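Hi there,

I am passing a structure on to you, and my notes on it follow just below. Please have a look at it first and then read on.

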Protein chains: 2
Amino acid sequence: MSKQRAPLAVIDLNADTPCCPPLAQRRVPAETAAVLAPAFKALGDPVRLQLMSMIASAEDGEACVCDLTPAFDLTGPTISHHLKTLREAGLVDAERRGTWVYYRARPQILRQLAALLSIEPAATAKA
Amino acid sequence: MSKQRAPLAVIDLNADTPCCPPLAQRRVPAETAAVLAPAFKALGDPVRLQLMSMIASAEDGEACVCDLTPAFDLTGPTISHHLKTLREAGLVDAERRGTWVYYRARPQILRQLAALLSIEPAATAKA
DNA sequence: ACGCTGTCTTGACGTCTGTCGAATCAGACA
DNA sequence: TGTCTGATTCGACAGACGTCAAGACAGCGT
């Protein structure tokens, strides 16, 4: 984890900043890496990757915790913990409506991560 | 880390398999998540994200460890450890040529990760 | 007001991770 | 052969992570 915690907690990378040219096009500077790495890290757990997918692909763009939890062989607190991790990485938003809490994906940051990873169709060896 | 180690060590996801529809389009199944999550996890450290970028954006598509190491305030063994992590996640390949070891990105897996994260321009709430 | 249900927080546990120094391995060159 | 340089492996340590049980909190219904 390279020591420091980084600010996180809802990184400012939620704005519509175009942000980052592809990782393979220009060297990612340390500051950018420090901001983006936590997002990748959050996706680096199978459970969270599935949670993220379930949320992002949900019918109305949002998913209830009550639907998420029973999809895994894990306790409620554990799922809650993973959701918190996704929240702190800026990947999802939570909203309580009455009894239930709904999670919603943040497409912007997903787009940024995808852009960072994107490779021009034939850029394997560009020279 | 969700307990089990998974096979890793060079996941078979290096083939040209189209692999995965976007995460926001269909629920990522557990098996897919188990295979892909380690790749995201490997990118989930600022140092490795920079290493990956330096390798992928290198002049001839490859970077020498001797150029990578001095770019960080970290010891050789530590950089070597991170490179091993990237290697085991299937993100890079290593080749020794004489005295030096060169690392090269695997564009296919990067493309797969990018595809998984990709979002159709206006799919925020598709209904 | 009371209890019920759904969700989150807290505290604890074992494991994994990032880092280093020391030792080891792999080639190059005398 | 011996030695030098570059890279990896080994062993150790502090800190972070994933998980759970127990408790706390928030709304709803009675």
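Predicted model: local features only at pLDDT ≥ 70, side-chain atom pairs only at ≥ 80, totals over all residues.

Residues are numbered from 1 along each chain as its sequence is written, while chains are lettered from A and ligands numbered from 1 in the order in which they are written.

**Around the DNA**

Helix H4(B) gives the largest share of the surface near DNA strand D, six residues. (Helices are DSSP runs of H or I with at least four residues, strands are runs of E with at least two, and both are numbered from the N terminus.) By class, that surface has 13 nonpolar, 13 polar and five charged residues. Ala, Val, Leu, Ile, Met, Phe, Trp, Tyr, Cys and Pro count as nonpolar, Asp, Glu, Lys and Arg as charged, and the others, Gly among them, as polar.

**Where the two chains meet**

Chain A brings 42 residues to the contact and chain B brings 41 residues; two residues are in contact if their C-beta atoms, placed from the backbone, lie within 7 Å. On the side of chain A that touches chain B, H2(A) gives the most, with eight residues. That side holds 27 nonpolar, nine polar and six charged residues.

**Inside chain A**

Chain A has five helices and three strands, in the pattern α-α-β-α-α-β-β-α along the sequence. Its three strands form an open antiparallel sheet in the order E1-E3-E2; two strands pair if DSSP finds at least two bridges between them. Strands E1 (62–64) and E2 (92–97) of chain A stand at the edges with a single partner strand each, so one side of each has no neighbour in the sheet. E1(A) and E3(A) are joined by three bridges, and Ala63(A) stands opposite Tyr103(A).

**A hairpin in chain B**

E2(B) and E3(B) pair in the antiparallel sense over six bridges. Arg97(B) has Trp100(B) as its bridge partner. Two residues lie between the strands of this hairpin, where Gly98(B) takes a positive phi near 65°.

Enjoy exploring it!
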